[in-house]
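Student: Can you walk me through this structure? I'd like to start with one of the helices.

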Amino acid sequence: RMCNLLDAMSQEKLENQRDVVKNERRQRIDNQPYGTTFEKIGEIMYPNGHPYHWSVIGSMADLSAASMEDVEAFFRRYYAPNNAVLVLSGSFDEKQAKTWIEQYFGPIKRGAAITRPSAAQPKLNGEIRKTVEDNVPLPRVMYVWHGVPQFSADEPALDVLSSILSQGRGSRLQSSLVYGKELVQSIFASNDSSELAGLFEISATAKPGKSLDDIEKEVDKQISEIKAAPPTAEEMERALNGIEAQRIYGLQTVLGKGSRIADYAGFLGRPNNFQQDLDRYRKVTAADVQRVAKAYLNADRLVLAYVPRKG
C-alpha cells in the first residue's frame, strides 16, 4: 500500500470509500445515542486552529469536499517510510524477515520532512455549561477538565485518580452513585492523554427519574473529599495493581506486543520502554493523587448535558 496505492486509485474508488466513511459517521456519530458527545467536547475544549478541535472522521461537508488531489497530497506527505514504524511480532525467521523488508520496503523513497504541530495545552477560564436535546433514552452529563499530554509527568497520577474514582464496585463514584444513592445507571472517570494534550472526564448516565443536579452534587462531593484527604493505601494498591495487570495482560497476544512496541517507538523513539513506563506508576504516591485532583479538577471545566428531546 505504501508504494502502490496511488497508482491503483481512481475517482470511482474514491467515491466508493467516501460513501463508506460517511456511513461510518452515520452509524457511530449521527445515528448513535450520545454519538456527538466527543465531537462537541473537542469543539469546546480546543480552540479553532488546534488539531483536536475537529473530530478525526470529519464532518459530512468535509467528506463531500475531499478531492482526489486532497487524497493524493495527504498520502504523499504522510504515507512514507520516514513517517512510519514497522513492527514484526510473533514467531518468524529474523534473517528471512529482514530480507523481505529490504526487498519490499527498501526501494520506497522517503518523503518530504514533516513539520509536527506544536499547539499549546489550552486552558479554560471558568466553567462552561452546555445542554443538548437529542434522541437519547436517559439524561447523561459529562464533566471535562484539561489534563496533560501522554507521557507527561502527571499522567500516571491522573490515571490512578481516574481508577480510584470509578474503577470497580469499590471505587468512590460507583460505590456512592451506582450502589449507594442509586442515582446513575453507570459512571466512569477517564484520563485521556493524547500526543499534544489531554482531557480528564467523568461521564454519568442517570437512572430513570433521577436528577442531573443531584448527580452533580454527589460528584462534586466525591471530588472535594479526595482533594481534602489523600486516598487510602488500599485504594492506591488496588488502582496500581489494576493498571499494572491491564498493561501486562495486553502483552499476552502477538498483536498486543506489536502495538505496544509501535507506540513506544513512534512516540518516544524507545521501543523497549515497557518496564520504564510501568515504573512510572509504581512511583505514584497518595499525595500525588491528591495533588493532581486539586490542580486539574478545578472550577475551570465543561459541564455537558444530554437530555431527551422534548416531545
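Tutor: Let's take helix H3, residues 37-45. Its buried residues are Thr37, Glu39, Ile41, Gly42 and Met45. Buried means under 20% relative accessible area, exposed means over 50%, and partly exposed is in between (1.4 Å probe, protein chains only). This is a predicted model: local features need pLDDT of at least 70, side-chain atom pairs count only at pLDDT 80 or more, and totals for chains, interfaces and linings use all residues. Residues are numbered from 1 along each chain as its sequence is written, and side-chain values use heavy atoms, with hydrogens and water left out.

Student: What covers the buried residues of H3?

Tutor: The cover includes helix H2 (11-30) and strands E2 (140-146), E4 (198-206) and E5 (302-308). Helices (H or I, at least four residues) and strands (E, at least two) are DSSP runs, numbered from the N terminus.

Student: Which residues does isoleucine 44 touch?

Tutor: Ile128, Lys130 and Leu302, leaving out residues up to four places away in sequence. Contact means heavy atoms within 4.5 Å. Isoleucine 44 and lysine 130 are 86 residues apart in sequence, and their C-alpha atoms are 9.6 Å apart.

Student: What about the loop between H2 and H3?

Tutor: Tyrosine 34 lies there. Its phi is positive, near 65 degrees, and it is not a glycine. Tyrosine 34 counts as buried because its relative accessible area is 10%.

Student: And phenylalanine 151, where is that found?

Tutor: In the loop between E2 and H7. Phenylalanine 151 also is not a glycine, and has a positive phi of about 65 degrees. With a relative accessible area of 27%, phenylalanine 151 is partly exposed.

Student: Switching to helix H8. Which of its residues are buried?

Tutor: H8 covers residues 172-180, and the buried ones are Arg172, Leu173, Gln174, Ser176, Leu177 and Val178. They pack against helix H7 (155-166), strand E3 (184-193), E4, helix H9 (212-228) and helix H10 (233-249). Glutamate 182 follows H8, with a positive phi near 50 degrees.

Student: How many cavities of 30 Å³ or more are there?

Tutor: The count is 1. On a 1 Å grid over the protein atoms alone, a cavity is a set of points where a 1.4 Å probe fits but cannot get out; lining residues have an atom within 4 Å of a point. The largest cavity holds about 40 Å³ of space. Leu240, Ile243, Glu244, Leu278, Tyr281 and Arg282 line it. H10 and helix H12 (274-282) are the elements giving two or more residues to that lining.

Student: Now the outside. Which residues form a nonpolar patch on the surface?

Tutor: Leu86, Leu88, Phe92, Trp100, Tyr104 and Phe105, with about 630 Å² of accessible area together. Such a patch takes residues with over 30% relative accessible area and no salt bridge, nonpolar side chains being joined within 5 Å. A salt bridge puts a side-chain nitrogen of Lys or Arg within 4 Å of a carboxyl oxygen of Asp or Glu. Leucine 88 sits in the loop between helix H5 (68-78) and helix H6 (94-105). Leucine 88 is partly exposed, at 36% relative accessibility.

Student: How many helices and strands are in the protein chain?

Tutor: There are 13 helices and 5 strands. Of the 311 residues, 38% are buried.

Note on methods: Patches are made of residues with over 30% relative accessible area and no salt bridge: like charges are joined within 9 Å, nonpolar side chains (Val, Leu, Ile, Met, Phe, Trp, Tyr) within 5 Å. Accessible areas come from the Shrake-Rupley method with a 1.4 Å probe; for residues, only the protein chains shown count as cover. On a 1 Å grid over the protein atoms alone, a cavity is a set of points where a 1.4 Å probe fits but cannot get out, and a pocket is an open set with protein on both sides within 12 Å along at least five of seven lines; lining residues have an atom within 4 Å of a point. Grid points are joined across faces, edges and corners, and a volume is the space filled by probe spheres set on the points.
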